[in-house]
Amino acid sequence: MYEFPESRILLFAKEPVYGRVKTRLHDAIGVEQAFQLHCAMLRYQAKKLQDANLAPWEVWVSGDPHNPLLTGMKLPVPLRQQRGHDLGERMWAAAEASLVGSASVLLVGTDCPSVDVDYLREASRLLRAGSQVVIGPAEDGGYVLLGLTRSVRELFVDMPWGTDKVLQLTLERLEGLGLPFSRLPARWDVDRADDLARLAELEPPLDFQLDGS
C-alpha cells in the first residue's frame, strides 16, 4: 500500500542519447562520463521511488521512451513521452494529464539526486494538508521539485527556463494568483562542474565514480 495513494510522482528524464545529455559537463568530464552520470542518476532516482513506496510513479521522457537503454532498465512503471515545445509546456501537459486521475502530482527531475525520500514525503504531506502548490527551490535559482493539486498554467508559460530567475518569477506568480503554497528548504542539482563534488554527499551512494577520483 502506498503512503500517498491519491498522489502521483512524475520523474522527468531526458532520453539517454550519447553526446546529448549533461552537455554542460562535457568540457569538465568528457562526453562518456557525462553520459554515464546521466544514466546513473536516472537509475538512482528510479530506485529511490521504487523502494520508497510513497505514491504511484511514472517516468516522463523527453525523447523516445522506447530507447533500448531505457527499456533495458526494466523500470516497473509506465514510460511516457513528454509533449511540448519547451520545458514549461512539457511539465504542464504531464501535470494536466496526471491530475485527471490523481489528487496531486509531484514533478521531479533525474538531475536532482539530493531530493530524498523525506523531502518527497514532506511535499506530499503538505499537498494533502491543503497547499495547492509546493515548491522545492534549487540552490542555483531554479527548483528541484514542484507539487500541484491543480493545473496552474501561469507557472509554466513565458518562463526563462535554465536561468537563475525561474524560482523568483514562480514565487511572484504564485503570490499574484493568491494560491496557498508551501516552500521547502533548498536542495542542489547537478548541472555544472562545481556540482560534481557533492555527489559524494549522497546516501545511499550513487553508482558512479569520476575517472581519477
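Start by selecting strand β2, residues 57-62. Most of this strand is covered, with five of its six residues buried. Buried means under 20% relative accessible area, exposed means over 50%, and partly exposed lies in between (1.4 Å probe, protein chains only). Strands (E, at least two residues) and helices (H or I, at least four) are DSSP runs, numbered from the N terminus.

Before going on, note that this is a predicted model: local features need pLDDT of at least 70, side-chain atom pairs count only at pLDDT 80 or more, and totals for chains, interfaces and linings use all residues. Residues are numbered from 1 along each chain as its sequence is written, and side-chain values use heavy atoms, with hydrogens and water left out.

**Stop 1: the neighbours of β2**

Two strands count as paired if DSSP finds at least two bridges between them. Find Leu 10 and look across to β2: its bridge partner there is Glu 58.

Pick Val 59, which stands opposite Leu 79 in β3.

**Stop 2: the whole sheet**

Select the remaining strands. Seven strands form an open sheet in the order β3-β2-β1-β4-β6-β5-β7, and the pairing is mixed. Go to the edges. β3 and β7 (181-183) each have a single partner strand, so one side of each is left without a neighbour in the sheet. From one strand to the next, the twist averages 20°. That angle comes from axes, which are lines fitted to C-alpha atoms (for helices over the stretch in contact), and angles run from 0 to 180 degrees between N-to-C directions.

Select Ser 7: its bridge partner in β4 is Ser 104.

**Stop 3: a salt bridge between strands**

Show side chains. Side chains of opposite charge can pair when their charged atoms come close. Here a salt bridge is a side-chain nitrogen of Lys or Arg within 4 Å of a carboxyl oxygen of Asp or Glu. The count by this rule is 11 salt bridges.

Select Arg 8 and Glu 58. Their side chains meet in a salt bridge, 3.3 Å from N to O. The pair links distant parts of the chain: Arg 8 is in strand β1, Glu 58 is in strand β2, and they are 50 residues apart. Are these two residues buried or exposed? Both Arg 8 and Glu 58 are buried.

**Stop 4: helix α5**

Move to helix α5, residues 117-129. Select Arg 121 and Asp 118, which both lie in this helix, three residues apart, about one turn of the helix. Their side chains form a salt bridge at 2.9 Å, N to O. Arg 121 counts as partly exposed because its relative accessibility is 27%. Asp 118, at 52%, counts as exposed.

Next, pick Arg 125 and Glu 122. They too lie in α5, three residues apart, about one turn of the helix. Arg 125 is partly exposed at 40% relative accessible area, and Glu 122 is partly exposed at 29%.

**Stop 5: the pockets**

Switch to a surface view. On a 1 Å grid over the protein atoms alone, a pocket is an open set of points where a 1.4 Å probe fits, with protein on both sides within 12 Å along at least five of seven lines; lining residues have an atom within 4 Å of a point. Grid points are joined across faces, edges and corners, and a volume is the space filled by probe spheres set on the points.

The largest pocket holds about 970 Å³ of space. It is lined by 35 residues; select Lys 14, Leu 87, Asp 111, Asp 189 and Asp 191, the closest to its centre. β6 gives the most to this lining, with four residues.

For the second largest pocket, select Tyr 44, Lys 48, Glu 203, Pro 204 and Pro 205, which lie nearest its centre among 19 lining residues. Its space is about 370 Å³. Finish on helix α2, residues 31-52, which gives the most to the lining of this second largest pocket, with seven residues.
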